[in-house]
Amino acid sequence: MARASLDKQPEEVAAMFDSVAHRYDLTNDVLSLGQDRRWRRATIAAVDAQPGQTVLDLAAGTGTSSEPLADAGVRVVPCDLSEGMVGVGKARRPDLPFVAGDALHLPFADESFDAVTMSFGLRNVPDVPAALAELLRVTRPGGRLVVCEFSTPTLAPFRGVYTGYLTQALPRVARVVAKEPDAYVYLAESIRDWPDQQGLGRLIKQAGWSQVAFRNLSGGIVALHRGTRPA
């Protein structure tokens, strides 16, 4: 299957992730050198959902980011554009209410969630401001947004090493561990094309979120952005 292009048409992105769904979690663990587990823990801590609250986990994939929330008594709704990912997730955790949905047209009523979170998915949306506005729509006043996304390493020497990993090492490793390595070539391209920490923060503010802040993880390879829907 050809990889999605950087214009990120939803049907292309969905088909690409459908093709990698069965090995997605294992491949991510290998390519991130196990760091993806740390990033998930940090995201869950930032969401800070309490038992009984309702959380939208957008771009949830197979539900690995939703499981800890559900196990802690949070009402979490895993939602993903890829029906392949949703299918694998339902087979793994049939107790979770997986939904197939587009970030630009969420199938939820206004003010449905106490918090919304999106990990490594905002980068794949063709209209980021519209997706951030849609997340604002479904969040209750005073509710929280947490976006975990690849970003720009803060130290210039490390930035060069990281760019080399993305362009050279990652595609080679993907050919060994993934059946559809072209999807991971797209991953590298989309990361290089993505705004830095401050740039994403501005987009979040412009979408209507307040109290916007970010925290770097792994030296800025990943950044956690947070925001609040004004009361």
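Here are some worked exercises on the structure shown above.

This is a predicted model, where local features need pLDDT of at least 70, side-chain atom pairs count only at pLDDT 80 or more, and totals for chains, interfaces and linings use all residues. Residues are numbered from 1 along each chain as its sequence is written, and side-chain values use heavy atoms, with hydrogens and water left out.

**Exercise 1. Find the order of the strands in the sheet and name its edge strands.**

Step 1. Begin with the elements: helices (H or I, at least four residues) and strands (E, at least two) are DSSP runs, numbered from the N terminus.

Step 2. Next comes pairing: two strands pair if DSSP finds at least two bridges between them. Strands of a sheet pair through backbone hydrogen bonds, either parallel or antiparallel.

Step 3. Now read across the sheet. Seven strands make an open sheet with mixed pairing, in the order E3-E2-E1-E4-E5-E7-E6. Strand E3 (99-100) and strand E6 (210-217) are the edges, as each pairs on one side only.

**Exercise 2. Describe the surroundings of strand E2.**

Step 1. Look at E1 beside E2. Strand E1 (residues 54-58) pairs with strand E2 (residues 75-80) in the parallel sense, over five bridges. Leu-58 has Cys-79 in E2 as its bridge partner.

Step 2. Turn to E3. E2 and E3 run parallel and are joined by two bridges. Here the bridge partner of Cys-79 is Val-99 in E3.

Step 3. Follow the chain. E2, H5 and E3 form a right-handed β-α-β unit; right-handed means that, with the strands pointing away from the viewer, the path from the first strand over the helix to the second runs clockwise.

Step 4. Is E2 largely enclosed or open? We call a residue buried under 20% relative accessible area, exposed over 50%, and partly exposed in between (1.4 Å probe, protein chains only). Five of the six residues of E2 are buried, so E2 is largely enclosed by the rest of the structure.

**Exercise 3. Work out which strands helices H3 and H9 lie across.**

Step 1. Take the angle rule: axes are lines fitted to C-alpha atoms, for helices over the stretch in contact (heavy atoms within 4.5 Å), and angles run from 0 to 180 degrees between N-to-C directions.

Step 2. Helix H3 (residues 35-47) lies across E1, E4, E5, E6 and strand E7 (222-228), and runs at about 165° to E5.

Step 3. Helix H9 (residues 197-206) lies across E5, E6 and E7, at about 155° to E6.

**Exercise 4. Examine the salt bridges.**

Step 1. A salt bridge is a side-chain nitrogen of Lys or Arg within 4 Å of a carboxyl oxygen of Asp or Glu. This rule gives a count of ten salt bridges.

Step 2. Glu-67 and Arg-92 form one of them, at 3.1 Å from N to O. This pair links distant parts of the chain, 25 residues apart: Glu-67 is in helix H4 (residues 67-71) and Arg-92 in helix H5 (residues 83-92). Glu-67 is buried at 17% relative accessibility, while Arg-92 is partly exposed at 37%.

Step 3. Asp-95 and Arg-93 also form a salt bridge, at 2.8 Å from N to O. Asp-95 is exposed at 51% relative accessibility, whereas Arg-93 is buried at 15%.

Step 4. Finish with Arg-140 and Asp-114, whose salt bridge is 2.9 Å from N to O. Arg-140 is in strand E5 (residues 139-150) and Asp-114 in strand E4 (residues 113-119), 26 residues apart.

**Exercise 5. Classify two of the aromatic pairs.**

Step 1. Rings of Phe, Tyr and Trp (its six-membered ring) pair if their centres lie within 6.5 Å; planes under 30 degrees apart count as stacked, over 60 as edge-to-face and the rest as tilted. The structure holds four aromatic pairs.

Step 2. Phe-108 and Phe-113 have ring centres 5.1 Å apart and planes at 90°, so this pair is edge-to-face. Phe-108 is buried at 16% relative accessibility, and Phe-113 is buried at 3%.

Step 3. Phe-120 and Phe-150 have ring centres 4.7 Å apart and planes at 45°, so this pair is tilted. Phe-120 and Phe-150 are both buried. Ring pairs also link Trp-39, Phe-120 and Phe-150 into a cluster.
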